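Please find below a colleague's note on the model under review. The points are numbered so that each can be checked against the coordinates.

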Amino acid sequence: MRSLSFFSSNQNPSALKGVGFGVSAYLMWGCFPLFFALFEGVPAWEVLIHRVIWACGFLAIVITLLQRWSPVKAALREPQRLGRVLACALLISFNWGLYIYAVSSHQVLQASLGYFLTPLVNVALALVVLRERITALQTVSVVLAVIAIVVQLVALGELPWISLTLALTFGSYGLLRKQVMLDGLSGLFVETLLLLPLGLLAFGWLSASGNSHFGETSRQTWLLIASGMITAMPLLAFAGAARRLRLSTLGFLLYINPTLQFLIALFVFREPLNQIQLISFVMIWTGLLLYIWSAWQSRPRPTASATPMR
């Protein structure tokens with residue numbers, strides 16, 4: 001029978017496991033504010049330095065255990081092709097740093113808005129950069145997002161710059177990442193590897209100048225080390241989901257992350273949500289619903305004889 005759901009556990013036994021991996025990945029990403037809020041008194045850029053260093057080390061261990069060095073070595077043997085990987089590394093590191101800053105400065109609502117905006121930014125980038133044709137519903141969804149930002153600018157007198165920058169950097173990262181022939185795990189490792197020398201130099205300078213928080217207390221030290229593992233674990237879960245699920249299912253699960261951040265900002269960190277911000281969120285949520293509906297309408301229709309995904 002033709003399934004009307006995103007997946008069918010009867011037709012595809014691995015799909016249920018894929019959903020488990022996907023939900024786990026997005027739950028971990030959604031709970032990131034709770035983790036990064038623990039770094040009281042540590043500047044966001046110093047947390048970023050350790051996030052790069054320890055993520056690189058943890059990923060090296062994982063790649064070794066999974067025996068996945070072949071794509072990494074192939075990429076490193078062709079340094080002329082590493083330009084896009086380096087651009088990806090710079091974009092994602094800036095995104096990470098700004099996100100940590102948003103949490104430490106109690107602006108998690110802006111961060112969640114940024115990740116709600118990201119799919120709509122992807123549509124806009126596809127239109128402007130790739131010259132792709134988009135549907136009427138996708139156009140309306142992007143227009144709603146633009147109006148929501150203009151509403152905040154006019155009513156509050158300021159741009160939600162954290163939201164916009166997070167969405168633009170992550171959207172641009174995704175655009176470039178599609179042009180890099182590396183899987184998620186290998187790609188992130190090469191990205192952090194390229195940033196590692198800069199991270200070690202910055203760590204050395206901090207230590208030499210006496211401004212490093214690493215080693216100040218055992219709690220702070222272990223938190224900084226754990227930031228690397230925390231960075232890599234959702235990616236591993238996401239990779240497990242991506243191998244087992246359709247893109248439409250992954251796209252649907254994506255909204256767990258900013259929704260959870262939104263709820264944490266309101267109910268854990270008690271960040272204020274004024275009426276203008278609420279109107280902006282509602283407009284962007286409406287745009288997202290239109291985007292999801294458009295994606296669902298344009299999905300490939302399965303045939304009765306289709307082979308289940310593996």
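The points that follow treat the overall fold, the salt bridges, the aromatic contacts and the surface.

1. **Basis of the note.** This is a predicted model, in which local features need pLDDT of at least 70 and side-chain atom pairs count only at pLDDT 80 or more, while totals for chains, interfaces and linings use all residues. Residues are numbered from 1 along each chain as its sequence is written, and side-chain values use heavy atoms, with hydrogens and water left out.

2. **Fold.** The chain contains 13 helices and 0 strands; helices (H or I, at least four residues) and strands (E, at least two) are DSSP runs numbered from the N terminus. Read from the N terminus, the order of elements is α-α-α-α-α-α-α-α-α-α-α-α-α. The radius of gyration is 20 Å, close to the 19 Å that the globule rule gives for 310 residues, so the chain is as compact as a globular protein of that length. That radius is taken over C-alpha atoms, and the rule is 2.2 Å times the number of residues to the power 0.38.

3. **Extent and burial.** The C-alpha trace spans about 65 × 55 × 35 Å along its principal axes. Of the 310 residues, 43% count as buried. Here buried means under 20% relative accessible area, exposed over 50%, and partly exposed in between (1.4 Å probe, protein chains only).

4. The structure holds 3 salt bridges, each defined as a side-chain nitrogen of Lys or Arg within 4 Å of a carboxyl oxygen of Asp or Glu. Arg68 and Asp183 form one of them, with the closest N and O atoms 2.8 Å apart. This pair links distant parts of the chain, 115 residues apart: Arg68 is in the loop between helix 3 (44–66) and helix 4, and Asp183 is in the loop between helix 8 and helix 9. Arg68 is partly exposed at 25% relative accessible area, and Asp183 is partly exposed at 29%.

5. **The other salt bridges.** Arg177 and Glu191 meet at 3.4 Å, N to O. Arg177 lies in helix 8 and Glu191 in helix 9, so this bridge ties together parts that are 14 residues apart in sequence. Arg177 is buried, with a relative accessible area of 14%, and Glu191 is buried at 2%. Glu78 and Arg81 also form a salt bridge, at 3.3 Å, N to O. Glu78 is partly exposed at 29%, whereas Arg81 is exposed at 60%.

6. Rings of Phe, Tyr and Trp (its six-membered ring) pair if their centres lie within 6.5 Å; planes under 30 degrees apart count as stacked, over 60 as edge-to-face and the rest as tilted. Trp69 and Phe189 are edge-to-face, 5.4 Å centre to centre with 90° between the planes. Trp69 belongs to helix 4 (residues 69–76) and Phe189 to helix 9 (residues 184–209), so the pair ties together parts that are 120 residues apart in sequence. Trp69 is partly exposed at 29%, while Phe189 is buried at 3%.

7. **Aromatic pair within a helix.** Phe281 and Trp285 form a tilted pair, 5.4 Å centre to centre with 40° between the planes. They are 4 residues apart in helix 13 (residues 275–297), a separation of about one helical turn. Phe281 is buried at 3% relative accessibility, whereas Trp285 is partly exposed at 27%.

8. **Aromatic cluster and charge over a ring.** One aromatic cluster is formed by Phe32, Phe35, Phe36, Phe39, Tyr99, Tyr115, Phe170 and Tyr173. The charged end of Arg51 sits over the ring of Trp96, 4.4 Å from its centre. The criterion is NZ of Lys or CZ of Arg within 6 Å of the ring centre and within 35 degrees of the ring normal.

9. **Nonpolar surface.** Tyr101, Val146, Val150, Leu153, Val154, Leu159 and Trp161 make a nonpolar surface patch of about 650 Å². Patches are made of residues with over 30% relative accessible area and no salt bridge; like charges are joined within 9 Å and nonpolar side chains (Val, Leu, Ile, Met, Phe, Trp, Tyr) within 5 Å. Areas come from the Shrake-Rupley method with a 1.4 Å probe, and for residues only the protein chains shown count as cover. Helix 7 (residues 136–156) gives the largest share of the patch, 4 residues. Leu159 lies in the loop between helix 7 and helix 8 (161–177) and is partly exposed at 42%.
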